[in-house]
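Here is a friendly walk through one protein model, from its overall makeup to a pair of helices and a few backbone details. Please keep the viewer open while you read.

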Amino acid sequence: LTSIYPLYIWVILLVQFRVSTIRFTHSNDRGWFRSLFVHKVEPRTDTHSNLLSKKETSSLYKIQYHNVKPEYLEAYNSLSAEVQNRLHHDKDYPCEVVGSWNTWYGEQDQAVHLWRYKGGYPALTECLNKLRQNKEYLDFRKERSKMLISRRNQLLLEFSFWNEPAPRPGPNIYELRTYRLRPGTMIEWGNHWARAIKHRQENQEAVGGFFTQIGELYVVHHLWAYKDLQSREETRNFAWQKPGWDTAVYYTVPLIRSMESRVMIPTKNSPLQ
């Protein structure tokens, strides 16, 4: 055959075959070959909030990060606790404190507060309107501003497959793991974690899971509770012994742009101790 078809002709034929194969593979995204390596997720047919959140509770969450001047941290905690307790127990205000912490490992001299507004955005609006008319609260904000370096917040919804955050006795440490996802991957993240969360509930460490609605978008927060840092390490290691946990990690890691971990200590007034 080589006498009839010189070597260079065979090379040309081989290149043409290879190009045709590549074109076929790229043009047939759902072909059998690609399906062997791609984990399929159902296409998005609705908003993230409708597909992933708990519709039966209609609760909206707000997370606050306050970076405090180091010399004012103790005074800040005392002042915040006093105001939070009044709002938390005043039935005229449709809001409640879920938890308050100081960051232990992570950004230092930082306070983190998680609020819940039962009734969603209308409850948030009602609460804000009432606070604007509350002189005592306005005085508190003025005094608090002297203690802060910076502050920011986000509005969140909770994942339907996570636990509802509920008061718990202590002592515990809390880890807030924050994942910044690639845009367009929130549904895929939810699909995987809906199956993976069962591997992290046996020791009651799962407190709550949330995703942002306003603020920095495509951000996920997972809140965990542990007795101490050693318990945290043992609990996380134990998860790897369960079939399916490794698969969840394998498919969710590529969805992440960046991630952050805070280890936090609850303040004295926090319902999550």
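Two residues are in contact when they have heavy atoms within 4.5 Å. With that in hand, let us start with the whole chain, which is a predicted model. Of the contacts in the protein with a separation of 6 or more, 82% are accounted for by residues 24 or more positions apart. The protein has 9 helices and 8 strands. Buried residues make up 43% of its 273 residues.

**A helix pair**

Now turn to helix α7 (residues 186-196) and helix α9 (residues 245-252), whose axes are 10 Å apart and which pack at an angle of about 165 degrees. Angles over 145 degrees count as roughly antiparallel, and α7 and α9 are therefore roughly antiparallel to each other. The crossing in which α7 passes α9 is left-handed. Which residues of α7 and α9 meet? From α7 come Trp189, His192, Trp193 and Ala196, while α9 brings Trp245, Ala248, Tyr251 and Thr252. Sorted by class, this contact of α7 with α9 has 6 nonpolar and 2 polar residues, and no charged ones.

**Backbone details in the loops**

Some loop residues deserve a look at their backbone angles. As background, most residues other than glycine have a negative phi, and most peptide bonds are trans.

| Residue | Phi | Relative accessible area |
|---|---|---|
| Aspartate 109 | near 55 degrees | 27% |
| Glutamine 204 | near 60 degrees | 53% |

Aspartate 109 sits in the loop between β2 (96-105) and β3 (110-118). Is aspartate 109 buried or partly exposed? With a relative accessible area of 27%, aspartate 109 is partly exposed.

Where is the bond in question? Glycine 170 and proline 171 are joined by a cis peptide bond, with omega about 5 degrees. Proline 171 has its place in the loop between β4 (148-158) and β5 (173-181).

Note on methods:
Residues numbered from 1 in each chain as written. Predicted model: local features only at pLDDT ≥ 70, side-chain atom pairs only at ≥ 80, totals over all residues. Heavy atoms only, no water. Axes fitted to C-alpha atoms, helices over the stretch in contact; angles between N-to-C directions. Helix = DSSP H or I, 4+ residues; strand = E, 2+ residues; numbered from the N terminus. Parallel < 35°, antiparallel > 145°, perpendicular 65-115°, else oblique. Left-handed = near helix turned anticlockwise from the far one by under 90°. Nonpolar A, V, L, I, M, F, W, Y, C, P; charged D, E, K, R; others polar. Buried < 20%, exposed > 50% of the residue type's maximum accessible area, 1.4 Å probe, protein only.
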